[in-house]
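Open the structure in your viewer and keep the sequence beside it. This tour tells you what to select, stop by stop.

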Amino acid sequence: MKFFVDTADVAEIRDLAETGLLDGVTTNPSLIAKSGGAIRDVIAEICAVVDGPVSAEVAATDFDGMMKEGEVLAAIADNVTIKVPLTWEGLRACRALTRKGHMVNVTLCFSANQALLAAKAGATFISPFAGRLDDIGSDGMELIREIRVIYDNYDGLSTEILAASIRTPLHVKQAAMAGADVATVPPAVLKKLTQHPLTDKGLAAFLADWEKTGQSIV
Ligand code: E4P
């Protein structure tokens, strides 16, 4: 599974990119607002740090507006993925932008039928929002499992499932088990993935024993 980080905080992205484990970045209008920067500058900075896909979301809701904004965003760097909402206008824009050779991430997906339409529209990524479904008492991971089954039923569908609105390490594991191609994860959750008290305890014991040997490896 690929790991994207869900943030527009360039310092955090730089930090995580140094691990060599970061495959891409997703942003949305709320994250850009939180960054305090201008969208074109922020996306350009992120693209300079990360080689993989960097999602930048349009703000227009009509086809012509999305096309115009999509072209502006795509011109920032080769790895920009244009993010469009899952509406009929968004699907039309998805079809047109992918035909022009751009990567497109269809966002705000909350049903399997929406995901099927996005794949038919040629989306590079579909973003089912697991956490927001959990928030209203639905099962977000069930949606990811459903999309996996549907996409696997048809050879012609190449859209990648990008598990979004991931809130916990458990979500990450469940998304991987459901066969999501990508999980986009907030930095704090990504950092938690290595943590286990037995790892810390075991390492402390190994280091204490090593100290007693008086040896040095280099
Ligand atoms: C990803 O592309 C989305 O912008 C993001 O995962 C939404 O997460 P949230 O529901 O925690 O805001």
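**Before you start**

This is a predicted model, where local features need pLDDT of at least 70, side-chain atom pairs count only at pLDDT 80 or more, and totals for chains, interfaces and linings use all residues. Residues are numbered from 1 along each chain as its sequence is written, and side-chain values use heavy atoms, with hydrogens and water left out.

**Stop 1: the largest pocket**

Select Asp6, Asn28, Leu31, Arg132 and Ser165. Of the 17 residues that line the largest pocket, these lie nearest its centre. A pocket here is an open set of points on a 1 Å grid over the protein atoms alone, where a 1.4 Å probe fits, with protein on both sides within 12 Å along at least five of seven lines; lining residues have an atom within 4 Å of a point. The space inside is about 280 Å³, counted as what is filled by probe spheres set on the points.

Now colour helix 2 (residues 29–35). It gives the largest share of this lining, 3 residues. Helices (H or I, at least four residues) and strands (E, at least two) are DSSP runs, numbered from the N terminus.

**Stop 2: the second largest pocket**

Select Phe3, Leu16, Thr19, Leu21, Leu22, Asp23, Leu190, Lys191, Leu193 and Thr194. They line the second largest pocket. Its space is about 220 Å³.

**Stop 3: salt bridges**

The whole structure holds 11 salt bridges, each a side-chain nitrogen of Lys or Arg within 4 Å of a carboxyl oxygen of Asp or Glu.

Select lysine 83 and glutamate 57. Their closest N and O atoms are 3.7 Å apart. Lysine 83 sits in strand 4 (residues 80–85) and glutamate 57 in strand 3 (residues 54–57), so the bridge ties together parts 26 residues apart in sequence. Are the two buried or exposed? Both lysine 83 and glutamate 57 are buried. Buried means under 20% relative accessible area, exposed over 50%, and partly exposed in between (1.4 Å probe, protein chains only).

Next, select arginine 167 and aspartate 135, a salt bridge with closest N and O atoms 3.1 Å apart. Arginine 167 lies in the loop between strand 7 (160–163) and helix 9 (169–177), aspartate 135 in helix 7 (residues 130–135). Arginine 167 is partly exposed at 39%; aspartate 135 is exposed at 54%.

Last, select aspartate 181 and arginine 148, bridged at 3.2 Å between the closest N and O atoms. They are 33 residues apart.
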